[in-house]
Amino acid sequence: MVPPDVEWIASIDDDDVPQSNDWLLELLRVAEAHDADMVCGPKIPAPGPGIDQAMLDRGTIEFTDNRIGAEMPYGWTGNLLVRQSILPDDPFDERFSLIGAEDADLTMRLVDQGHRLVYAPDAVVIAFKSADQLSVEGT
């Protein structure tokens with residue numbers, strides 16, 4: 001449980017690393033500058049052991065409008081800052097637990113409720129990928 005006086009919650013995947021030390025500050029700066037309720041940044045895949053870059057080129061998660069503060073129709077929790085006050089008690093739909101996309105579903109629902117989601121192209125997260133993550137049977 002998050003204390004009620006916490007204004008923002010940031011999320012990043014457990015196998016991801018911010019590209020710079022000011023990643024979180026950049027998300028917050030964009031949120032405040034654009035009066036946003038949520039901010040997403042890009043996730044750039046990087047090869048882990050035994051993986052070459054060509055295998056990852058299809059896995060980059062970036063928004064097509066690279067302007068700072070561009071409004072987004074949905075986002076991803078692997079690089080997200082969100083106001084705690086807009087999160088529902090049970091934010092993720094369990095129907096997505098095996099197939100993924102519960103993060104896109106959550107952000108789409110919040111946008112549909114009138115909350116602003118904007119893009120922070122300079123708040124980059126590097127996603128190191130393993131062979132297991134790229135296989136059909138991996139997660």
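Mentor: A search of the whole structure finds one aromatic pair. Tyr74 and Trp76 form it, edge-to-face, at 6.5 Å centre to centre and 70° between the planes. Rings of Phe, Tyr and Trp (its six-membered ring) pair if their centres lie within 6.5 Å; planes under 30 degrees apart are stacked, over 60 edge-to-face, the rest tilted. Tyr74 is partly exposed at 39% relative accessibility, while Trp76 is buried at 8%. Buried means under 20% relative accessible area, exposed over 50%, partly exposed in between (1.4 Å probe, protein chains only).

A word on the basis. This is a predicted model: local features need pLDDT of at least 70, side-chain atom pairs count only at pLDDT 80 or more, and totals for chains, interfaces and linings use all residues. Residues are numbered from 1 along each chain as its sequence is written, and side-chain values use heavy atoms, with hydrogens and water left out.

Now the sheet. Four strands form an open, mixed sheet in the order β1-β5-β3-β6. Helices (H or I, at least four residues) and strands (E, at least two) are DSSP runs, numbered from the N terminus. The edge strands are β1 (8-12) and β6, each pairing on one side only. Neighbouring strands are turned by 20° against each other on average, direction ignored. Axes are lines fitted to C-alpha atoms, for helices over the stretch in contact; angles run from 0 to 180 degrees between N-to-C directions.

Inside the sheet, β3 (38-40) and β5 (79-83) run antiparallel, joined by three bridges. Strands pair if DSSP finds at least two bridges between them. Met38 has Val82 in β5 as its bridge partner. Helix α1 (23-33) packs on the sheet, touching β1, β3, β5 and β6, and its direction makes about 45° with that of β5. Contact means heavy atoms within 4.5 Å.

Next, α3. This helix lies across β3, β5 and β6, at about 140° to β3. Its buried residues are Asp103, Ala104, Asp105, Leu106, Thr107 and Leu110. These pack against β3, β5 and β6. An α-helix has 3.6 residues a turn, so residues three or four places apart point the same way.

Gln113 sits in the loop between α3 (102-112) and β6 (117-119). Gln113 is exposed, at 55% relative accessible area. Its C-alpha lies 9.5 Å from that of Ile86, 27 residues apart along the chain. Gly114, which follows α3, has a positive phi, near 100°.
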